[in-house]
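Student: Could you take me through how to read side-chain contacts and helix packing from a set of coordinates?

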Amino acid sequence: MLTDLVDGARADAETRRATTSLAEVEALAAAAPPAIDALEALRPTDRVKIIAEVKRASPSRGRLADIPDPAALAASYETGGASAISVLTEQRRFGGSLDDLRDVRAAVSLPVLRKDFLVDEYQVLEARAAGADLVLLIVAALDQPTLARLFDFTTSLGMTALVETHDADEVERALDVGAGLVGVNARDLSTFELDQDLFGRLADRIPGSVIRVAESAVKTAADVAHYRRSGADVVLVGEALVTGDPVATLQEFLSA
């Protein structure tokens, strides 16, 4: 599944590159307002922080929500107390787009994450040009030299990389490139099975100086509380917010 997602994202990026050259997207990225400091926005406090996701669909669950107005949804997330907004831009299996990212960026003052399957600099530049402050780098999708290169390139643009991991070796790889924001995804991207206890088993391997993000397997406030007890500074939530009342759900999760 991960290979298919990466291959599709790469092919879609090549299609866009055929109409918007690397030089053009570099110019657009350079002209964009400076990125917001996501590490500051997500810095640990005495309360858990939430990255709220604009997510129409997923390979595991299919269609989740239509989301005709991603900007309005993101604005409701900000009202509800989210610390950052994640926007799925992968179009084939998640139903997202860079237009969603642009619309969200124009609607909120929070840091915005481009969540996609990124494998080269062109995609990182697209994210910056569209107003993203963060990008997702999935360790399982990248060899170590590519991970290091994209991490450094992201940083050079003033952005933050959320480096996503799924096991102890991947946590070490994330730390080796200097990641200050490390996610642990409870969903195995090869099988799409969930293991909510994975975060707890890996959390101690992430130094206290690094912000720890728990991803996936969140349906209720009890799930958020479980991650918080396991050491999460931040929890990324998608499905539970797009399938219910986003403001009320966020506020319930934040008080967990």
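Student: Which residues does Tyr227 touch, not counting residues up to four places away in sequence?

Tutor: Bear in mind that this is a predicted model. With those sequence neighbours left out, Tyr227 touches Ala186, Gln196, Phe199, Ala214, Glu215, Ser216, Ala217, Val218, Ala232 and Val235. Tyr227 also belongs to the largest nonpolar core, which has 86 residues, and together with Tyr77, Ile85 and Val235 it touches the most other members. The largest share of this core, 5 residues, is supplied by strand 6, residues 134–138.

Student: At what angle do helix 1 and helix 6 pack?

Tutor: Angles of 65 to 115 degrees count as roughly perpendicular. Here helix 1 (residues 2–19) and helix 6 (residues 121–129) pack at about 70°, their axes lying 10 Å apart, and helix 1 is therefore roughly perpendicular to helix 6. The crossing of these two helices is left-handed. On the helix 1 side, Ala9, Arg10, Ala13, Arg16 and Arg17 meet Tyr122, Gln123 and Glu126 of helix 6, a contact whose residues comprise 3 nonpolar, 1 polar and 4 charged.

Student: Are helix 6 and helix 7 roughly parallel or roughly perpendicular to each other?

Tutor: Angles under 35 degrees count as roughly parallel. The axes of helix 6 and helix 7 (residues 144–156) cross at roughly 25° and come within 10 Å, so the two helices are roughly parallel to each other. Helix 6 passes helix 7 in a right-handed crossing, with Glu121, Val124 and Leu125 of helix 6 in contact with Arg149, Leu150, Phe153 and Thr154 of helix 7. The residues of that contact divide into 4 nonpolar, 1 polar and 2 charged.

Notes: Residues numbered from 1 in each chain as written. Predicted model: local features only at pLDDT ≥ 70, side-chain atom pairs only at ≥ 80, totals over all residues. Heavy atoms only, no water. Core = buried A, V, L, I, M, F, W, Y, C linked by side-chain atoms within 4.5 Å. Buried < 20%, exposed > 50% of the residue type's maximum accessible area, 1.4 Å probe, protein only. Helix = DSSP H or I, 4+ residues; strand = E, 2+ residues; numbered from the N terminus. Contact = heavy atoms within 4.5 Å. Axes fitted to C-alpha atoms, helices over the stretch in contact; angles between N-to-C directions. Parallel < 35°, antiparallel > 145°, perpendicular 65-115°, else oblique. Left-handed = near helix turned anticlockwise from the far one by under 90°. Nonpolar A, V, L, I, M, F, W, Y, C, P; charged D, E, K, R; others polar.
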